[in-house]
Every structure is written in C-alpha cells, then in structure tokens.
Amino acid sequence: MTRRLIDGCDAILADLDGVVYAGPGAISEAPESLERAKSEGVPVMFVTNNASRAVETVAEHLSELGVATRGEDVVSSAQAAAQLLSDRLPAGSRVLITGAQALSDHIAEAGLTPVSSQHDDPVAVVQGFDPEIGWSDLAEAAYTLADASVLWIATNTDGSIPRERGIAPGNGTLVDAVARATGRTPEVAGKPEAPIFRTGAQRLGAQRPLVVGDRLDTDILGGNRAGFATALVLTGVDTVRTALGAITDERPDHLIADLTGLFAPEAEIAVEESDGASIARCGAAQATAHDDGLRISGDEDDLDAWRAACAAWWARHPQVDTASIPEIEWTAA
C-alpha cells in the first residue's frame, strides 16, 4: 500500500490563519481534511500565534467551520506568554497589557494582575495582536519600557497575517514600532520558539507529530526547532519560491498544496551528486542545482517539480543564513 504523508505521524500540530481559515471563512478542503485525519485516529492540536481571541472563541469558530474543537485543543501564544510571565514573576505582579482582552484574561488566569497604564507601576509588558490597537496603546508600552528593569514579552513577531481580503500587517509590525521607540528587543513566547509546539505535542501524548503551517519564519522554523517533522501548506503566506530560497533553519520537510495533501502519496525524492552539481528527481520532474543557478525539467505548475528543485538546491547549499531565491531555467520534461 502506498504510504501517505499522514501515515508517518501520530498527531498534527496545525496553524490556523492561512491553513484552516483566512479571515472568518474556511480554506477549501481544510475542515474536511482535519476531520478525516481525526477519523483515522490522528488527533489534531491547533497551535496559533493569534493572541487576540480566547481559545474557547477559537474553538467555537473552528466548530462552526466544521472542525469539532474544544478549548483544550488550542494552544495560543497568549497562553505561552502568560506561562512565561508566571514562571518569571511573583504571583500578583502587575503586567501592562498591550493587546486584546483575551490576552489580559490569560494573564489574570496565570495569577498575575493586568493593568493598562504606566502609572500602575507594572513590572512587565506583554504585547499581543489586537486589530483595534492604537498609537496611545503603543506609546504606553514605550513609556513603561523606558525603565530597563521592566520585562517585555511579545506573544509573537509575525510580520503579516492572512485575512479574507489579502495579507495584512501582523503583530510583528506593532512590536517593531515599540522596539524602534525604545531601542529594546522583546522575548518571544509563541512561534517560532519551540516550547509552544512541545506543549501541543505533550497535550496529545504525541511522539511523532507533524507541524503544518503556511509560514516559514514561524511554523516551519518553530517545528524544526522542536525537532518535529514539518509541512509547508501553500494556502497562506509563503510560496514554493520562498521555500526554495529559505534559510536552512526554515526549510520544511514536506510541501503540500493544501490539507488534502496529507492523504496523498508521500513524495519520493532521490538526490545524487554528479559533476559538480546536485540532481534531484521527484515524479516526472528533475532539477539540477549548480553553485549559482537551478535548471528544472518539468511543469512549473507541478508541485513535484518544486519538490525536486528544493531538494537539489538545498543539497547544493546545505547551510544558508540569508534567504535568496536562485535563478531558475525551465525546460520541458
């Protein structure tokens, strides 16, 4: 029997924005694929950097889209931030909230005291995404962080977020505004740090989870840091081209067009070295990578061609610290 991608894992750790939904609406085939995974005995845990909604609200939204979900099936960066702060601060410590009510609620649940002003003498600032945040909120954080003893935690530093109308600025742009004003850099609680993924796996008792996400710099990097298998799904932010040019730490183990790819036969890729080049084959496609360029024999619309391209280019350039998309020459297969 042909081995499918899902057959190699004992759980799925899935991102939300750009994977399951974009804005309020579901991405095509995503709910059905996740329910199918669960019906085949592969549990799903959602790992999200969105700190603007309570996990119960997220679970309700997912259930409305057709993915039966409970609050405990969601791990959020707001929870990770609250846990990090509770580990570092005495109970009852005052924390300035620069973010949504959901973030404030998690801070309170962790035994800390949420406040909204520098005048409340907070000992920490926690910053998370809130679409309603304004200049005065960011300024309050900056005023507070002028005191170098104040701890600064960001739930995440995503530069963008998929919405129903396209790609919009994410929490990272708001964090950058405060960082530029203060000259400081926050600690990050959520993705791409490994603990949030390990928490998700531990809740499921999983030993071989597959991390599925649409962003190289959060989902894939974080999954790789946690030591888990990773799959980039091409329904959100990143593309086959950005995957090809990714730095080493952000390279995914698998490329799938959408979540139905979990049930497709696992791509078989063969790589060899020949005459100063790395050659990779996947399906009917072949890619040859030299030091300065890439030749692909195949169809540009065939994902196997890009899988071969990534395998060849990454084999030729195993250690890359700066993202760069190579020159590509296409020929017919």
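Q: What is the bridge partner of Ala154 in β12, and what makes β9 and β12 a pair?
A: In β12 the bridge partner of Ala154 is Val188. Two strands pair if DSSP finds at least two bridges between them, and β9 and β12 have two bridges, in the parallel sense, so they pair by this definition. Helices (H or I, at least four residues) and strands (E, at least two) are themselves DSSP runs, numbered from the N terminus.

Q: What should I know about the model and its numbering?
A: The model is predicted, so local features need pLDDT of at least 70 and side-chain atom pairs count only at pLDDT 80 or more, while totals for chains, interfaces and linings use all residues. Residues are numbered from 1 along each chain as its sequence is written, and side-chain values use heavy atoms, with hydrogens and water left out.

Q: How do β8 and β9 pair, and what makes the crossover between them right-handed?
A: β8 and β9 pair in the parallel sense over four bridges, and in β9 the bridge partner of Val125 is Trp152. The chain crosses from β8 through helix α5 (residues 135-145) to β9, and this β-α-β crossover is right-handed. The term applies if, with the strands pointing away from the viewer, the path from the first strand over the helix to the second runs clockwise.

Q: Which way do the residues of β9 point?
A: Leu151 and Ile153 point one way from β9, whereas Trp152 and Ala154 point the other way, and all are buried. In a regular strand the side chains alternate between the two faces of the sheet.

Q: Why are β7 and β12 said to stand at the edges?
A: The open sheet has five strands in the order β7-β6-β8-β9-β12, with parallel pairing. β7 (113-115) and β12 (187-188) each have a single partner strand, so one side of each is left without a neighbour in the sheet. For β7, the pairing is with β6 (residues 94-98), parallel and over three bridges, and the partner of Val95 in β7 is Pro114.

Q: Which helix packs on the sheet and touches β6, β8, β9 and β12?
A: Helix α3 (residues 77-88) does so, and its direction makes about 160° with that of β9. Helix α6 (residues 171-182) also packs on the sheet, touching β8 and β9, at about 155° to β9. Such angles run from 0 to 180 degrees between N-to-C directions, with axes as lines fitted to C-alpha atoms, for helices over the stretch in contact.

Q: Why does Val115 count as buried?
A: Buried means under 20% relative accessible area, exposed over 50%, and partly exposed in between (1.4 Å probe, protein chains only). Val115, in strand β7, has 11% relative accessibility and therefore counts as buried. Leaving aside neighbours within four places in sequence, Val115 is in contact (heavy atoms within 4.5 Å) with Arg94, Val95, Leu96, Ile97, Asp120 and Pro122.

Q: What makes the link between Ser278 and Glu273 a polar contact?
A: A polar contact is a pair of N or O atoms within 3.5 Å; within protein, one must be able to donate a hydrogen and the other to accept it, and residues adjacent in sequence count only if both atoms are side-chain atoms. The side chains of Ser278 and Glu273 are joined by such a contact of 2.8 Å. Ser278 lies in strand β17 (residues 277-282), and its 0% relative accessibility is why Ser278 counts as buried.
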